[in-house]
Amino acid sequence: MEKTLVLLKPGALQRGLVGEVISRFEKRGLSLIGIKMMQLTDEILNEHYAHLADKPFFGKLKDSMMAAPVIACCFEGVEAVAVVRAMAGATNGRQAAPGTIRGDYCMSNQQNVVHTSDSVENAAVEVNRFFKKEELFKYSPMSWPFQYSTDELGND
């Protein structure tokens, strides 16, 4: 099972979209194994968005991510990283397909409702950045046998 990070950005909180967005991931079949509200700081944003530090929009990005708390979520499932990325849609909401989270809920490149991990490797780093080991919970959802085949779950 893969784990992946989803940050519901300040705009999702301010617009009352938190429950709707989490519900979409759960209805798809992903398991929510960690969740918390937190106020992001310069320190964590400098680390999290280090790859964007030289971009002209970096200061605006950090300001927008600190405008209100975020909801950090860790979801688990088969190919969770790719599933979550596909559900989120293109980063620029104007280009995101209808039916995706960004396609349904945003019109901006920056105010785009969610951050999602972009690879399995980055998901591992990001989950560890936002969650302590004891904040993640392991359980087997009773619905999984009806969502996955036994070979996908590793229960041959």
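A residue is called buried when its relative accessible area is under 20%. The model shown in these views is predicted.

**View 1. Phe25 and Phe75 form a tilted aromatic pair.** The ring centres of Phe25 and Phe75 lie 5.0 Å apart, and their planes make an angle of 50 degrees.

**View 2. Trp144 and Tyr148 form an edge-to-face aromatic pair.** The centre-to-centre distance between Trp144 and Tyr148 is 5.6 Å, with 85 degrees between the planes. Both residues, Trp144 and Tyr148, are buried. The structure has a count of 2 aromatic pairs.

**View 3. The charged end of Lys36 is placed over the ring of Phe131.** The distance from this charged end of Lys36 to the centre of the Phe131 ring is 5.3 Å.

**View 4. The cysteines are shown in a structure with 0 disulfides.** Cys73 takes part in no disulfide, and the nearest cysteine sulfur, in Cys74, is 8.9 Å away. Cys73 has 0% relative accessibility, so this residue counts as buried.

**View 5. The sulfur of Cys106 is too far from the closest cysteine sulfur for a bond.** A disulfide would require the two sulfur atoms to be within 2.5 Å. Cys106 has a relative accessibility of 7% and therefore counts as buried.

Notes
Residues are numbered from 1 along each chain as its sequence is written. This is a predicted model: local features need pLDDT of at least 70, side-chain atom pairs count only at pLDDT 80 or more; totals for chains, interfaces and linings use all residues. Side-chain values use heavy atoms; hydrogens and water are left out. Rings of Phe, Tyr and Trp (its six-membered ring) pair if their centres lie within 6.5 Å; planes under 30 degrees apart count as stacked, over 60 as edge-to-face and the rest as tilted. Buried means under 20% relative accessible area, exposed over 50%, partly exposed in between (1.4 Å probe, protein chains only). A charge sits over a ring if NZ of Lys or CZ of Arg is within 6 Å of the ring centre and within 35 degrees of the ring normal.
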